[in-house]
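Welcome to this short tour.

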Amino acid sequence: MLKSPKKRYGVIECPNCRGLGLVCSSAKSHRCPYCGRVIKFGWGRVKSLYWSYSPRVASRVLARLKLERSK
Ligand SMILES: [Zn+2]
């Protein structure tokens with residue numbers, strides 16, 4: 001089965017705890033792994049830091065951002 005080329009992977013910031021999470025553009029919501037808050041997309045408040053067509057690139061960016069924040 002072919003995957004949709006329109007699908008994107010993003011790094012978003014939880015509006016509740018500012019934790020970083022990896023999301024897929026086909027999903028309508030995302031549960032924050034840190035605080036359990038369900039983040040619904042389409043909210044202006046949801047901050048997306050990065051988008052990529054490659055899940056590998058997006059997860060690499062997520063790991064780098066987490067590392068930068070832990071410093
Ligand atoms: Zn959170």
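What pattern does the protein chain follow, read along the sequence? The answer is β-β-β-β-β-α. In other words, the chain has one helix and five strands; helices (H or I, at least four residues) and strands (E, at least two) are DSSP runs, numbered from the N terminus.

Before you click, two notes. Residues are numbered from 1 along each chain as its sequence is written. This is a predicted model, in which local features need pLDDT of at least 70 and side-chain atom pairs count only at pLDDT 80 or more, while totals for chains, interfaces and linings use all residues.

**Stop 1: the sheet**

Select β1 (9–13), β2 (residues 20–24) and β5 (residues 47–52). These three strands form an open sheet in the order β2-β1-β5, with antiparallel pairing; two strands pair if DSSP finds at least two bridges between them. At the edges stand β2 and β5, each with a single partner strand, so one side of each has no neighbour in the sheet. From one strand to the next, the twist averages 25°.

Now look at β1 by itself. Is it enclosed or open to the outside? β1 is largely enclosed by the rest of the structure, because four of its five residues are buried. A residue is buried if 20 or more other C-beta atoms lie within 10 Å of its own, exposed if 12 or fewer, and partly exposed in between, with C-beta atoms placed from the backbone.

**Stop 2: the strand partners**

Five bridges join β1 to β2. To see how the two line up, select these residues:

- Tyr-9, which stands opposite Cys-24 in β2.
- Val-11, whose bridge partner in β2 is Leu-22.

Five bridges also join β1 to β5.

- Ile-12, opposite Ser-48 in β5.
- Glu-13, opposite Lys-47 in β5.

**Stop 3: the turn**

β1 and β2 form a hairpin with six residues between them. Select Arg-18, in the loop between these strands. Arg-18 has a positive phi of about 65° although it is not a glycine. Most residues other than glycine have a negative phi. Arg-18 counts as exposed because it has 12 other C-beta atoms within 10 Å.

**Stop 4: just before β1**

Next, select Arg-8, in the segment before β1. With 18 other C-beta atoms within 10 Å, Arg-8 is partly exposed. Which residues does Arg-8 contact, leaving aside its neighbours within four places in sequence? They are Ser-25, Trp-51, Ser-52 and Tyr-53; two residues are in contact if their C-beta atoms, placed from the backbone, lie within 7 Å. Draw a line between the C-alpha atoms of Arg-8 and Ser-25: they are 5.1 Å apart in space, although 17 residues separate them in sequence.

**Stop 5**

Which residues of α1 are buried? They are Ala-58, Val-61 and Leu-62. These three cover an arc of only 105° around the axis, which puts them on the same side of α1; the arc is that of the directions from the helix axis to the C-beta atoms. An α-helix has 3.6 residues a turn, so residues three or four places apart point the same way. The cover over the buried residues of α1 includes β1, β2 and β5. Turn to the other side of α1 to find Arg-56, Arg-64, Leu-67 and Ser-70 exposed.

**Stop 6: the core**

Finally, select the largest nonpolar core, which has 10 residues: Tyr-9, Val-11, Ile-12, Cys-14, Leu-20, Val-23, Ile-39, Ala-58, Val-61 and Leu-62. A nonpolar core is a set of buried Ala, Val, Leu, Ile, Met, Phe, Trp, Tyr and Cys residues joined through C-beta atoms within 7 Å. β1, β2 and α1 each supply at least two residues of this core. Leaving aside its neighbours within four places in sequence, Val-23 is in contact with Gly-10, Ile-12 and His-30. Zoom out to end the tour: buried residues make up 15% of the 71 residues in the protein chain.

How values were computed
Axes are lines fitted to C-alpha atoms, for helices over the stretch in contact, and angles run from 0 to 180 degrees between N-to-C directions.
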